[in-house]
Amino acid sequence: MSIEPPESTVAPPEGSPGATASDPSRRTFIATTTAVGGAVVAGGFIAGPSVFGAEPADAATPSPSSRVSLTVNGERRTVTVDNRTSLLDLLREHLGLTGSKKGCNAGACGACTVLVDGRRVNSCLTLAVRLDGAEVTTIEGLSKGERLHPLQQAFIDHDAFQCGYCTSGQIMSGVGCINEGHTGSPEEIREFMSGNICRCGAYVKIVQAVEQAAGRK
């Protein structure tokens, strides 16, 4: 049995006996495709949009904003803010109350703790527009003139801070903890203030300060 080789699809070289007048030569084929391809590329480059000459994008649509009225440290304040503004940014950037610190900005460290209607909140996770009519107390609002809040004084008495970055949040959380009645034991204080991180490790003295302010010492 004989097997015939498949017919070659390669055009015979120019001038070979199998070439015909209608068959394009290799040289002609390459020249033609190169010229056409170059024209397409060139045409696309000329007609296509230029990266360097691109028209500027239209200005972004302004984000929606709202007017918020709330009482901060006993004073009524009304501001217009972007709807995405956190309470922490409202306090620091709009009202100039920088005592509340931006630590993790994710609700994990407690440095931004303030009281809203008497309850502890992480102000970095609280939208300002949701607090219309609320009463907010920050570290700046605890003292009465030159007289410190009992917990502020207790922090000094027990040296319950080192770098001080977490201190305002610790004090605000401690005040909330006392108001909530969660100061029955050192273990209970630690449990209910576990959301406040002290990177310096002054936890023992912080608990002692809360005990003193709560009247347990």
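This text walks through a predicted model of one protein chain, from its overall layout to its details.

Start with the overall layout. The protein chain holds six helices and five strands. Read from the N terminus, its elements run α-β-β-α-β-β-β-α-α-α-α. The chain has 217 residues, and 32% of them are buried. Now consider contacts between residues with a separation of 6 or more. Of these, 54% join residues 24 or more positions apart.

Four of its leucines are buried: Leu87, Leu88, Leu90 and Leu91. An α-helix has 3.6 residues a turn, so residues three or four places apart point the same way. What covers the buried residues of α2? The cover includes strands β1 (65-72), β2 (75-82), β3, β4 and β5 (135-137). After α2 comes Gly96, which has a positive phi near 70 degrees.

Phi of Asn105 is positive, near 60 degrees, and Asn105 is not a glycine. Is Asn105 buried or partly exposed? Its relative accessible area is 40%, so Asn105 is partly exposed.

Strand β3 covers residues 113-116 and strand β4 covers residues 119-122. They pair in the antiparallel sense, over four bridges. In this pairing, Val116 stands opposite Arg119 of β4. The two strands form a hairpin, with two residues between them. Asp117 sits in the turn and has a positive phi of about 55 degrees.

Now move to the helices further along the chain. Helix α3 spans residues 150-157, α4 spans 167-179 and α5 spans 186-192. Between α3 and α4 runs a loop that contains Asp159. Asp159 is not a glycine, yet its phi is positive, about 50 degrees. With a relative accessibility of 42%, Asp159 counts as partly exposed.

Helix α6 covers residues 203-213. Its buried residues are Ile206, Val207, Ala209, Val210 and Glu211. Gly215 follows α6, and its phi is positive, near 85 degrees.

Look closely at Ile206 in α6. Why does Ile206 count as buried? Its relative accessibility is 4%, and buried means under 20%. Set aside residues up to four places away in sequence. Ile206 then touches Phe155, Ala160, Gln170, Met193 and Cys198. Ile206 and Leu151 are 55 residues apart in sequence, but their C-alpha atoms are 9.8 Å apart in space. These two residues also belong to the largest nonpolar core. That core has 20 residues, and Leu151, Phe155, Ile171 and Ile206 touch the most other members. Helices α3, α4 and α6 each supply at least two of its residues. There is a second, separate core of 16 residues. Its members include Leu87, Leu95, Ala128 and Ala134.

The last stop is empty space. Rolling a probe the size of a water molecule over the atoms shows where empty space is left. How many cavities of 30 Å³ or more does a search of the whole structure find? The search finds one. The largest cavity holds about 40 Å³ of space. Its lining consists of 13 residues. Phe161, Gln162, Cys166, Thr167 and Cys198 lie nearest its centre. By type, the lining divides into nine nonpolar residues, four polar and no charged.

Two names in that lining deserve a second look. Cys198 is one of the residues that Ile206 touches. Thr167 belongs to helix α4. Thr167 counts as buried because its relative accessibility is 13%. Leaving aside neighbours within four places in sequence, Thr167 is in contact with Phe155 and Phe161. Phe155 is also among the residues that Ile206 touches, and Phe161 is one of those nearest the centre of the largest cavity.

Conventions: Residues are numbered from 1 along each chain as its sequence is written. This is a predicted model: local features need pLDDT of at least 70, side-chain atom pairs count only at pLDDT 80 or more; totals for chains, interfaces and linings use all residues. Side-chain values use heavy atoms; hydrogens and water are left out. Buried means under 20% relative accessible area, exposed over 50%, partly exposed in between (1.4 Å probe, protein chains only). Contact means heavy atoms within 4.5 Å. On a 1 Å grid over the protein atoms alone, a cavity is a set of points where a 1.4 Å probe fits but cannot get out, and a pocket is an open set with protein on both sides within 12 Å along at least five of seven lines; lining residues have an atom within 4 Å of a point. Grid points are joined across faces, edges and corners, and a volume is the space filled by probe spheres set on the points. Ala, Val, Leu, Ile, Met, Phe, Trp, Tyr, Cys and Pro count as nonpolar, Asp, Glu, Lys and Arg as charged, and the others, Gly among them, as polar. Two strands pair if DSSP finds at least two bridges between them. A nonpolar core is a set of buried Ala, Val, Leu, Ile, Met, Phe, Trp, Tyr and Cys residues joined through side-chain atoms within 4.5 Å.
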